[in-house]
Amino acid sequence: MTDLGSRFKDLFPTELPSELSALLPIEQNDYLLDGEIQTWEGPTEKIYSPVGFHNAEGFQRLYLGHCPAMDEATALRALASARKAWNNGRGEWPTLSVEKRIQQVERFIHGMKACRSQMVSLLILEIGKSQSDAAKEFDRTVEYMYDTVQALKELDRQSSRFAIEGGIIAQSRRSPLGVTLCMGPFNYPLNETFTTLIPALIMGNPVVFKPPRFGVLLYHALLPLFRDCFPAGVINTLYGSGKQVVGPLMASGQIDVLAFIGSAGVANTLKKQHPAPHRLRCILGLGAKNPAIVLPDADLDLVISEAVTGALSFNGQRCTALKIFFVHTQIAGEFLERFSQAIAALPFGMPWEKGVALTPLPEVGKPAYFEGLVQDALAQGAQVINPNGGQWHETFYYPALVYPVKAGMKLWSEEQFGPIIPVVPFEDIEEPIRYIVESEFGQQLSLFGQDPALLAQLVDPLVNQVCRINLNSQCQRGPDVFPFGGRKGSAEGTLSVSDALRSFSIRTLVAAKQTEANQGILTDMVRNRRSNFISSDYLF
Ligand code: G3H
């Protein structure tokens with residue numbers, strides 16, 4: 001019996017809150033293709049929650065429902081539907097005015113807001129996100145969509161005038177790129193998917209969209225909305241194994257844009273499957289192992305509060321999580337003691353319980369993987385510092401603060417994506433710098449300290465290693481108007497409310513020699529509103 005044994009015994013519930021159980025099961029036999037909700041009659045994939053129950057047969061994950069396990073032929077039909085909507089750039093959606101596209105997206109946002117309660121509940125059930133974080137994910141996504149609309153209006157306003165240069169009159173705008181395949185990650189199945197899907201869509205690209213491994217059923221309520229708010233074929237949904245349904249799409253060469261947030265291995269496979277990678281636009285969010293450097297003069301109150309959320313929000317399952325800490329030896333002892341106390345104060349339990357900070361994990365086999373990481377570190381001289389650190393029960397893993405971590409340990413280089421906090425002591429600032437330079441990742445880092453001269457000395461070389469340096473604060477993506485990207489193996493392309501609009505479009509211009517005849521033609525086009533592209537309409 002472990003120290004947490006008695007807590008673990010009662011960790012999983014005997015029954016679900018009624019408002020959650022009332023939603024279940026969701027037996028999804030439909031999908032959206034060519035503007036119609038079609039019925040799937042083939043095999044299905046069962047979907048289970050990270051939450052489970054003990055019964056006579058042992059621990060059983062809660063059955064949530066099922067979704068279609070599609071085949072290659074259906075995936076190719078979804079692609080054909082998107083290609084038809086694109087119609088080589090001549091389809092209704094890609095040629096629609098920006099104003100009309102915005103109106104349709106606004107209708108969609110309005111409809112989605114009515115699905116809030118069901119979608120938040122499914123985030124809780126499908127990925128084990130706490131009630132408050134699930135609600136935040138939904139609200140942040142809605143805000144992101146509204147901000148996207150505003151950003152596109154602004155972009156359009158800037159493009160609503162003609163430029164005259166060197167005897168040439170030109171109007172330049174951003175045009176869509178083509179059929180876009182969108183796939184988001186399980187940790188933000190709604191938000192991160194929509195931060196690519198919505199900009200892709202609003203810029204005029206038809207989309208084939210596959211929900212992540214966990215976080216599938218939450219989209220079910222949106223199928224009729226997608227159908228009703230957009231022309232046929234502009235959104236098509238895919239379900240099932242990536243190998244079966246995504247591979248053939250890439251191999252067809254008919255995907256123009258790949259928006260993928262997940263592992264580098266999968267991204268490499270997908271890119272390689274495309275027969276003409278030179279014309280494939282990729283927007284990728286991949287792995288990260290964001291380090292924190294804690295300097296000897298750092299304010300430890302602040303460090304601990306940032307470090308705890310930085311490393312452990314949503315059980316550390318964030319690409320931006322702080323995944324390794326370099327702490328100066330002068331303060332390492334106090335850092336460990338206070339971090340350990342802070343972990344002990346974190347409430348854990350079921351994701352719907354009020355105030356809960358640590359919850360069960362959706363990925364099957366993850367606690368055993370974490371145990372392997374910690375065992376590997378222990379075998380090489382590290383210790384688990386916090387009481388009960390690393391104890392686990394079924395799908396729940398209690399955070400482990402591991403010290404001292406050094407090169408050669410798996411925790412040094414592997415992205416744990418979970419509640420393990422590796423701590424490396426250092427004396428010479430060159431040690432963490434070398435780690436960052438040699439790392440295969442380059443997303444973000446955090447610097448904790450108070451000496452402006454030293455911080456500045458670190459900032460200047462480190463901005464060429466990562467895409468965001470956080471001073472005295474944890475790493476994070478938001479606010480979403482800030483650019484979010486990564487160097488090296490961490491990302492391709494930059495996302496933010498406005499950058500995403502650029503990522504999913506290309507600058508295109510119409511130009512004419514400044515002759516009287518051409519001036520007349522352009523004036524006529526504008527005055528008589530003959531074109532959606534050549535226009536001086538100002539979007540308010
Ligand atoms: O998982 C990666 C997310 O983009 C992180 O976003 O920093 O807002 O949690 P966040």
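Student: How many salt bridges are there by the rule?
Tutor: The count comes to 19 salt bridges. The rule wants a side-chain nitrogen of Lys or Arg within 4 Å of a carboxyl oxygen of Asp or Glu. This is a predicted model, so local features need pLDDT of at least 70, side-chain atom pairs count only at pLDDT 80 or more, and totals for chains, interfaces and linings use all residues. Residues are numbered from 1 along each chain as its sequence is written, and side-chain values use heavy atoms, with hydrogens and water left out.

Student: Which residue does Asp139 form a salt bridge with?
Tutor: Arg116, with the closest N and O atoms 2.9 Å apart. Asp139 lies in helix α7 and Arg116 in helix α6, so the pair ties together parts that are 23 residues apart in sequence. Helices (H or I, at least four residues) and strands (E, at least two) are DSSP runs, numbered from the N terminus.

Student: Domains next. What does the assignment give?
Tutor: Domain 1 is 11-285 and domain 2 is 290-480. Such bounds come from an automatic or database domain assignment. The C-alpha centres of domain 1 and domain 2 lie 31 Å apart.

Student: How many residues are in contact between domain 1 and domain 2?
Tutor: 28 residues of domain 1 and 24 residues of domain 2. Contact means heavy atoms within 4.5 Å.

Student: And what area is buried between domain 1 and domain 2?
Tutor: About 2,300 Å², with carbon and sulfur atoms giving 66% of that. Buried area is the accessible area (1.4 Å probe) that two parts lose on being put together, summed over both. Leu11, Arg61 and Phe186 supply 22% of what domain 1 buries against domain 2, more than any other three residues.

Student: What about polar links across the interface?
Tutor: Three salt bridges cross between domain 1 and domain 2. The two domains also have 10 residue pairs in polar contact, both residues at pLDDT 80 or more. A polar contact is a pair of N or O atoms within 3.5 Å; within protein, one must be able to donate a hydrogen and the other to accept it, and residues adjacent in sequence count only if both atoms are side-chain atoms.

Student: Which element gives the most to the side of domain 1 that touches domain 2?
Tutor: α7, with four residues. That side of domain 1 divides into 15 nonpolar, six polar and seven charged residues. Here Ala, Val, Leu, Ile, Met, Phe, Trp, Tyr, Cys and Pro count as nonpolar, Asp, Glu, Lys and Arg as charged, and the others, Gly among them, as polar.

Student: Switching to the ligand. What surrounds the ligand?
Tutor: Arg140, Asn187, Tyr188, Glu192, Arg318, Cys319, Thr320, Gln476, Arg477 and Phe484. The test is a heavy atom within 4 Å of the molecule. Arg140 also meets Asp480 in a salt bridge, 3.1 Å from N to O.

Student: How far is an oxygen atom of the ligand from Glu192's side chain?
Tutor: 2.3 Å, to an N or O atom. For Tyr188 the distance is 2.4 Å. Thr320 has a polar side-chain atom 2.7 Å from a ligand oxygen.

Student: Last topic, backbone. Where are the cis peptide bonds?
Tutor: One runs from Tyr403 to Pro404, with omega near -15 degrees. Pro404 lies in the loop between β18 (400-403) and α16 (410-413). Another joins Gly478 and Pro479, with omega about -10 degrees. Pro479 is in the loop between β22 (468-471) and β23 (487-488).

Student: What's phi at Asp34?
Tutor: Near 55 degrees, a positive value in a residue other than glycine. Asp34 lies in the loop between β2 (30-33) and β3 (36-39).
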